[in-house]
Amino acid sequence: MTQSLTTETRDASPRPPSRRRRLSRLVRDETGVVAVLVLLIVGVGVFRPGFLDPDNLLSTGRNAVYVGLMAAGMVFPLAMREVDLSVGGNFALTMVVGAVLMRDGVPPWLAAPIILLMAAGLGAVNGVITTYARIPSFIVTLATALLFRGIALAFAAGKQIFEVPRESSFFVDLGGRLFGVPSALLVLVLAGVVLTVVFTRTRFGAQVRAVGSNPDAAALTGLPVDRIRIQAMTMSGLAAGLAGTLALAFFLSGDPTLGEGFELTAIAAAIIGGTPLAGGRGSVPGAVVGALILAVVTAALVFFRIPINWTSFATGAVILVAVAADAALRRYRTRTS
Amino acid sequence: MLHATGLVKRYGGVTALDGADLELRGGEIHALVGENGAGKSTLVKILSGALGPDGGEIALNGTPTRFTGPRDAAARGIAMVAQELSLFPDLSVAENLFVTALPRRFGLLSPAEMERRAAPVLAGLGLDDVPVHAPVAGLNLADRQLLEVCRALLATPRVLMLDEPTSALPPAAVDRLETVLRQVAARGIAVLYISHMLQEVRRMADRVSVLRDGRPALRGERAGGLSLDDLVRAMLGDGAPAPAPAGATADPVAGDPERTAHDGAVPDAAALTLSHVTVPGAVTDMSLSVAAGEIVGVAGLEGAGHRAVLDVVCGLRRPASGRVTLPGGGTPRSVRDAVRQGVAFVPGDRKRFGLMLDQTVWENATAVRWLGAARGSWWQHRRSLRARAQANLRRMRFHGDIDGRTGELSGGNQQKVVFAKWLDTDPSVIVLDDPTRGVDVGARGEMHDIVRDLAATGRVVLLASTDLAELTELCHRVVVFQRGEATGELRGAELTEQRLSTAVNGS
């Protein structure tokens, strides 16, 4: 009863909407990460002008494609308080199954949609197990990550599968460049735009955010929470499969050991991009930019002739600094509004 | 033993306690009774050192005292068993008992020592059959409650205070608690027992104090000489005329059972029916039918089963037997199913169950129709969604920024957003659970007008409330529950706070 009394006194003073708050909403959440990315590129460019060479920038961007796609897909589970640790395994399995299909004579452009469908199915499996076995998605996908990669390894007998029709336009065009830009980078941009629209402008996106914001209220409001969860996990699986398909086209082989640890980098990229683990919010462009930031840092190390073995250290430092800065910024913003 | 006089406590402009007195004596069970918001919890928090008073004084064994905090009060022999259980479910019974000072040997926990010390204490409270090393999560509610008492007693207190200890207990467990409290009192400890279960108070307490609006209405009267009516009168006040239900005063033929607002509707067209509904552990063989345009209240003490009626209508629980029929003829199979069949649910705990606090007002206001019932386009047509939200919010007399974050609104405005989001689907049944909890008086009045308007347009309204005045003001009739059964119904002129309180507490 004392609590209700204190709330009552607070109720007495309705706050007029402040202009500053409206302004801060205009400045999109992504502005911060984009600024960091630009500063990083310019900063490195000042000391090592060769870094700003368009070819170098494009190949740096190309390196961000796989993690970028996974991060963009990961926004969906993260925004509804779930997580998908199986994207790395899904990525490897997609690659291997694609390579096997193409080796065994399936035309590459037919094999591609098949493996994309399979990747989405794997995501759906994660969602179904999470929902119906009532196990946290963290644990389910921790297990399926191993399952998926295990199948990939067994399927490929632990080796890379090279016997693919390299002359197919699947490898030439999708693995190469279009209009002078790596095709994979174009696919990342396109997928980023589509997923952004799905996340911010459709009922499904709004449902994902609603569940993540308050699962109890969402259920009592009649939202089909289970179905939304399965769909969100499917999205994540599909994005990982797209990354695997692009990797197959680029590497001209199916490598079951590729993509190990990508899931954690992807989660880091999503968090850097402003998708909190607490759910309710998320940003697909932010996640893509987060992946680009990580790729720029890795590339910059090469330009500064820092031994490649420091890459993990640098990535860890970037994640910590970016997330701490973001948290500080948010605290500051809530205090001023 | 512990004597408080003239305690005053204010929160901002609201006075929670205004000269409260309480005298606790060793060896006696003293009950503290009062309506919600009468100041019971505030008083107990002051006595246990959790809050400092703004006025008045506390004397412990005759010497004026000021507690610096709960630890200070505990060190001086004040033990408190809070309303919310504060046990650690994953720790064992013994670990819970000694959680502040775990017995150790060579720096490691000593289970043997713990067992040796726990056993006599547990046996003293009739908990001998409780496994000392089993996790607390496996105990039933009554055992856990007693364990909490047990933990409080380990500190060998002089005063033991319990905040609504029986609210969640079945009758047999209440008897056990009574025995235990008697034993505790027999050791010369002063027991303070807060409750609004008036029957129990009369049975268990030696003395009774009643708080009304932060002032003492009864000061430590002997319980034996008090009737249920005396207690109800002390709680609600008898000097002022009982606030008549709004519907009843407007109606000249108050005695007529078929009266008031739903006269316009066809009286015997039962829109919502529950027939022989049984929910194990909650209600047994409950039948109820509510006509369109009617506002029907369900009332009872905690655990009396009235809330289960709301649950089955909302699809939160499914009855083990019996049938719930919604106005459309369907039966609610799940929450989602109920929502799709036009059931709206306005919870009291809107922060937890009603709203997405970090999202904008218009997003919340469109959540039921667009997200829940999945009506309208799959594409987010922001302009039309915002327009719908705006229109519904305006009907709720919401004045605020619909693009603002919902968490920044006042409690009253937040509840208007909850109403607005349900209105968006044009529901036929509106279920309200404590709809004005934590809402200021002005907003409460507005909310009541809204509910009356909704009923007047032919909807079924079902209301549960911890605020008896709300039930008497809003409802055409109130069904009273005791121990899982509907034991009576009040309507018209009989529907007063006094009668309701008496009926709820049973006689």
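## Cavities

Counting cavities of 30 Å³ or more gives 4 of them in this predicted model. A cavity here is a set of points, on a 1 Å grid over the protein atoms alone, where a 1.4 Å probe fits but cannot get out. The largest cavity comes to about 70 Å³, a volume being the space filled by probe spheres set on the points.

This is a predicted model, where local features need pLDDT of at least 70 and side-chain atom pairs pLDDT 80 or more, while totals for chains, interfaces and linings use all residues. Residues are numbered from 1 along each chain as its sequence is written, and chains are lettered from A in the order in which they are written.

## What lines the largest one

Lining residues have an atom within 4 Å of a point. Chain A brings A:Ala206, A:Arg209 and A:Ala210, and among those from chain B are B:Met356, B:Trp362, B:Glu363 and B:Trp370. By type, the lining splits into 6 nonpolar, 3 polar and 2 charged residues.

Helix 11 (203-213) of chain A, plus helix 13 (361-365) and helix 14 (367-372) of chain B, each give at least two lining residues. Helix 11 of chain A has the largest share, with 3 residues. Helices are DSSP runs (H or I, at least four residues), numbered from the N terminus.

## A helix pair in chain A

Helix 10 (residues 183-201) and helix 13 (residues 225-251) of chain A have axes (lines fitted to C-alpha atoms over the stretch in contact) that come within 11 Å and cross at roughly 170 degrees. So the two helices of chain A are roughly antiparallel, a label for angles over 145 degrees.

Helix 10 of chain A puts in A:Ala184, A:Val187, A:Ala191, A:Leu195 and A:Val198, facing A:Met235, A:Leu242 and A:Leu246 of helix 13 of chain A; contact means heavy atoms within 4.5 Å. That contact holds 8 nonpolar residues, no polar and no charged.

Technical notes: Side-chain values use heavy atoms; hydrogens and water are left out. On a 1 Å grid over the protein atoms alone, a cavity is a set of points where a 1.4 Å probe fits but cannot get out, and a pocket is an open set with protein on both sides within 12 Å along at least five of seven lines; lining residues have an atom within 4 Å of a point. Ala, Val, Leu, Ile, Met, Phe, Trp, Tyr, Cys and Pro count as nonpolar, Asp, Glu, Lys and Arg as charged, and the others, Gly among them, as polar. Axes are lines fitted to C-alpha atoms, for helices over the stretch in contact, and angles run from 0 to 180 degrees between N-to-C directions. Angles under 35 degrees count as roughly parallel, over 145 as roughly antiparallel, 65 to 115 as roughly perpendicular and the rest as oblique.
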